[in-house]
Amino acid sequence: MNKSIRNVVLIMSTSGAAGRELLTGIFDYAKRGRYWNIRLLQPPCQLNAEALARFSAENIHGIITYEIGDLISRNALLHSDIPLVLVGIQDSQIANRLAPTAFVVSDDYKIGWTGAKHLYELGRFKSFAFVPSAQEWSWSKERERGFTEYLSEQQISVRRFRSFESSTYRNDLLNWLRDLPKPAAIMAAWDTSAIRILDALNQLRINVPKQVAVIGVDNDELLCDFANPPLTSIWPNHHRMGFKCAEELGKLMSRNRRPTANRTIVCPPKCLVKRESTVALSPAAHIVDRATAFIDQNATLGIGVRDVVAHLRISRRLADLRFREACNKSILEAIIDRRLAAVCKQLTHSRKSADAIAATCGFGNTKHLMRLFKNRYGMTMNNYRRTSIGSEP
C-alpha cells in the first residue's frame, strides 16, 4: 500500500450545519488509514491563479471545494493540474477540465420532488409556490424543477417568488405573501430563505401552518428548531456527500493518467424532518421527532440519554415517558438500536476489526458490544460478517 502523505486543501464554511456535516464525512474517510495532511480554508478564500500557484509550489495534491468564485477563478482552475472535487454544484466549464476532476452533488431534483409530495399529501391548499435562492444556483434550479414537475403531474401550477433588488427584497416578499391565495404551501430552496418567509408571515400575522405551510432544505437544527414555528426541512445526506468527496479525491490523486471522463456522483436526501411549519404536531409528537432525529445523527458518536435530554431541553422523566408512549421503547434502547444498525453496516461493508467497529459506532467497550450483538442477532459478529456480502465502506 502506498503510504505517502497527501496534502489536501478543503475550502468550505463551518458556519452552517451543512458545511460541518460535509467536513465530518471527509474526516471520517481520511481517518480510515489514509495519510492525509488536511488544510482547512474558509471563504472568502478563492481558487484564483495566485492561490493555485501557491498550492502547486507547496505540493498540494488535491482540493475539495463547494464554490468556484468569479470568472478569473474559473479560468485559473481550468489551467491548474491539481486534482479537484467540487461539492454541491456542477459547472459545465469545469467539467471540460483536463486535470482529474469529480463532482459530488445532492439529488436536488429528488429534494424538490420530496417537498412537493409532502405538501401535496397534506391535501388542503389553494396555491403552491417555490422560493429560489437569491443567486439561483444550479442546486436551487434543480430543486425547483423537482417541485414543479411533481405538482405538474397532479395538474397543479406553481407560483414563483423572485426579487431582483436586495434593497427591496423584504417588501417584495411581504407583498407576494400577502397576495398568495390561502391556504398556501411554500417550499424554499434552503432553510435560510424559509426562515425569512416565516418571519415575514409572522409580521403579516398569517397563521402557520393553517393559512400557509412552509418547508425548507438542510435541516439545520439550530435554525429549524428555534424558528417560529419550528421549520419542517428536508435533510440532504451531507455526511455521505463529504465521504464520497474524499473517496473520489483519493482515487483522483492515485491516478497517473487523466481519467476517461470526469465523474458526477449524486447522493439522495436522507429524510424529511417534520415540524410545526407544515404539520400541527402535538407537543408529544414534536418531542419524539426531535429526539429521533438527534439519535439518528449522533448515536454513533457516543451520546447517552443525558445528551438527548439536554437537546430536548425537558426533564428526563418527560422525555422517556413521551418516547416510550410513541415508540414502545426507551431512549437508551433507541440509541442502542441505531448503534447496532451501524455495526451491521460496518460488518457488511468493511473489513474493520471488532475494536475499530466498536469505536466507530459509539461503543466504548468491545466485549460489551459483542455480548449485545449476540443477544440481538443470535450469532457472533464474525458469523454475521461471513453470512453477509460486502460492497463499499
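Q: How do strand 4 and strand 5 pair?
A: In the parallel sense, over four bridges. Strand 4 covers residues 84-87 and strand 5 covers 101-106. Keep in mind that this is a predicted model.

Q: Which residue in strand 5 does Val85 stand opposite?
A: Ala102.

Q: What sheet do they belong to, and what is the strand order?
A: An open sheet of six strands, ordered 2-1-3-4-5-11, with parallel pairing. Strand 2 (36-41) and strand 11 (263-267) are the edges, and each pairs on one side only. From one strand to the next, the twist averages 15 degrees.

Q: What holds paired strands together, in general?
A: Backbone hydrogen bonds.

Q: OK, strand 1. Which strands does it pair with?
A: Strand 2, over six bridges, in the parallel sense. Strand 3 is also a parallel partner, over four bridges. Ile11 has Leu41 in strand 2 as its bridge partner. Val9 stands opposite Ile63 in strand 3.

Q: Is strand 1 mostly covered or exposed?
A: Mostly covered. Five of its six residues are buried.

Q: What does helix 1 lie across?
A: Helix 1 (residues 17-30) lies across strand 1, strand 2, strand 3 and strand 4. Relative to strand 2, helix 1 runs at about 165 degrees.

Q: Switching to helix 5. How many residues does it have, and how far does it reach?
A: It has 16 residues, 138-153. From first C-alpha to last, helix 5 reaches 23 Å, close to the expected 22 Å.

Q: Which of its residues are buried?
A: Trp139, Ser140, Arg143, Glu144, Gly146, Phe147, Tyr150 and Leu151. Seen down the axis of helix 5, they fall within an arc of 160 degrees, so they line one face.

Q: And what covers them?
A: The cover includes strand 5 and helix 4 (108-122). Strands 6, 7, 8 and 9 are also part of it.

Q: What follows helix 5?
A: Gln155, with a positive phi near 60 degrees.

Q: Last one: Gln297. Where is it?
A: In helix 10, residues 283-298.

Q: What does Gln297 touch?
A: Glu21, Glu221 and Trp235, leaving out residues up to four places away in sequence.

Q: How far apart are Gln297 and Ala319?
A: Their C-alpha atoms are separated by 18 Å. Along the chain, the two are 22 residues apart.

Technical notes:
Residues numbered from 1 in each chain as written. Predicted model: local features only at pLDDT ≥ 70, side-chain atom pairs only at ≥ 80, totals over all residues. Heavy atoms only, no water. Pairing = 2+ DSSP bridges. Helix = DSSP H or I, 4+ residues; strand = E, 2+ residues; numbered from the N terminus. Axes fitted to C-alpha atoms, helices over the stretch in contact; angles between N-to-C directions. Contact = heavy atoms within 4.5 Å. Expected span 1.5 Å × (residues − 1). Buried < 20%, exposed > 50% of the residue type's maximum accessible area, 1.4 Å probe, protein only. Arc of directions from axis to C-beta.
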